[in-house]
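Let's take a walk through this model, starting at a loop and ending at a helix. Keep the structure open as you read.

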Amino acid sequence: MRVLVTGAAGGVGQLLLPALAGEHDLRLTDLRAPERVGRAEVALGDLADPGFAERLCAGVDAIVHLAGNPRPGDDWDRLRGPNLQVPTGILAAAEQAGVRRVVLASSVHVLGGYHPPSARPAPGPIRDAWPPRPCCRYGATKVFGEAAARVYADSGAFSVVCLRLGGCRPVPPTRGWFDTWLGPADLGQAVRLALRADVRFGAYTVTSANTAALFDLGAARRDLGYAPGEDSETYRHSVPVGPSTMCRSGRD
Ligand SMILES: NC(=O)c1ccc[n+]([C@@H]2O[C@H](COP(=O)([O-])OP(=O)(O)OC[C@H]3O[C@@H](n4cnc5c(N)ncnc54)[C@H](O)[C@@H]3O)[C@@H](O)[C@H]2O)c1
C-alpha cells in the first residue's frame with residue numbers, strides 16, 4: 001500500500017516508521033526533515049497550505065495523519081491551526097485525491113474527563129463506548145478531529161480509524177505514565193492493523209497491555225484484532241515516580 005505519513009519527524013512518527021517501512025511504500029511529510037526514512041519519499045512543507053496538502057495526497061492509498069500539536073496544556077491559540085485547521089485540510093485533500101483509508105492520531109484525552117472514577121457511568125476502566133468527555137482543550141480538538149473524519153466516512157469518501165493513542169515513548173519516562181503508556185511495538189501493531197481493518201469508521205483507545213490500565217482496550221481488540229504485548233510494569237524498578245500524564249479535572 002502507498003501510505004502518506006504526516007508529522008513523520010515528530011515523536012510518534014519516529015517511533016512508528018520502522019514498523020511501517022517494511023510493509024508499505026511510504027511518503028513522509030513534516031515541516032522539518034524526518035530521520036529513519038529508509039527508502040521513503042520525503043516532501044517537506046506546511047499542511048495548512050491546501051495546495052501542498054492536495055499534492056501530498058495524490059496517488060496514495062492511505063494516510064496516517066500524525067501532524068498536530070500534542071500538548072494537553074496548550075490553549076486555543078496554539079491548538080487551532082495544527083489540530084483544527086490542518087486535519088480539516090488533509091481530510092478535504094484526501095477526498096479530492098480518492099484516498100481509501102485515513103488513520104487519524106487521536107488521544108486518550110478525548111475520554112480524559114472520565115479519569116476520576118466518580119465521573120464514570122460504570123465501574124472499571126474507561127471505555128470507548130462512552131460518549132467523548134475531554135479533560136482539556138487539546139482533548140476537545142481531538143474530539144473535533146474524530147467528528148470531522150466521521151463526516152467523510154459516512155459520506156462514503158473513505159474509511160477512517162481514529163486511534164486514541166496513549167503516551168508514546170520508547171519506555172515510560174516515569175511511573176506516572178504507567179496507566180496510559182503505549183510502547184513502540186504496540187504502536188506499530190495498532191497502526192498496521194488500523195491501515196487494513198474492515199471498519200468504515202471507528203475510534204479506538206490503544207495503550208500497551210499495562211497492569212495499571214486506566215482504559216479498556218476491548219473495542220480495539222474486537223474490531224482491529226489488536227493484541228498488545230508490552231506492559232509498563234516491566235519498568236517499575238528502572239524509572240522514577242512521577243505525576244499522572246492525565247489532566248487534573250478537579251474531582252476525586
Ligand atoms: N506523543 C504522544 O504520546 C501522543 C499521545 C496521544 C496522541 N498523540 C497525537 O499523535 C500525533 C503526533 O504526536 P507527537 O508526539 O509525535 O507530536 P510532535 O509534536 O512530536 O510531532 C508532530 C509533528 O507534526 C508536525 N506539524 C505540526 N504542524 C504541522 C503543519 N502545519 N504542517 C506540517 N507538519 C506539521 C510538527 O513539525 C511535528 O514534527 C499528534 O496528533 C498528537 O496529538 C501523541
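## A loop valine

Leaving aside residues up to four places away in sequence, Val37 touches Leu28 and Val42, where touching means heavy atoms within 4.5 Å. Val37 sits in the loop that runs between β2 (25–30) and β3 (41–44).

Is Val37 buried or exposed, or something in between? It counts as partly exposed, because its relative accessibility is 26%; buried means under 20% relative accessible area and exposed over 50%, with partly exposed in between (1.4 Å probe, protein chains only). Arg27 is 10 residues from Val37 in sequence, and their C-alpha atoms are 9.2 Å apart in space.

## What the numbers rest on

This is a predicted model, so local features need pLDDT of at least 70 and side-chain atom pairs count only at pLDDT 80 or more, while totals for chains, interfaces and linings use all residues. Residues are numbered from 1 along each chain as its sequence is written, and side-chain values use heavy atoms, with hydrogens and water left out.

## Around the ligand

Which residues come nearest to the ligand? Of the 27 around it, they are Val12, Asp30, Asp46, Tyr138 and Cys168 (a residue is near if one of its heavy atoms lies within 4 Å). A backbone N or O atom of Val12 is 2.8 Å from a ligand oxygen, and a polar backbone atom of Leu47 is 2.9 Å from a ligand nitrogen.

Elements giving two or more residues to the shell around the ligand are α1 (11–21), β5 (101–107), α4 (137–155) and β7 (167–168). The largest share, three residues, comes from β5.

Asn83 belongs to helix α3 (residues 76–97). Asn83 counts as buried because its relative accessible area is 3%. Not counting residues up to four places away in sequence, Asn83 touches Gly68, Asn69, Tyr138, Thr141, Lys142 and Phe144.

Over in α1, the buried residues are Gly13, Gln14, Leu15, Leu16, Leu17, Ala19 and Leu20. Their cover includes β1 (2–6), β2, β4 (62–65), β7 and α5 (184–196).

Note on methods:
Helix = DSSP H or I, 4+ residues; strand = E, 2+ residues; numbered from the N terminus. Polar contact = N/O pair within 3.5 Å; in protein donor to acceptor, adjacent residues only side chain to side chain.
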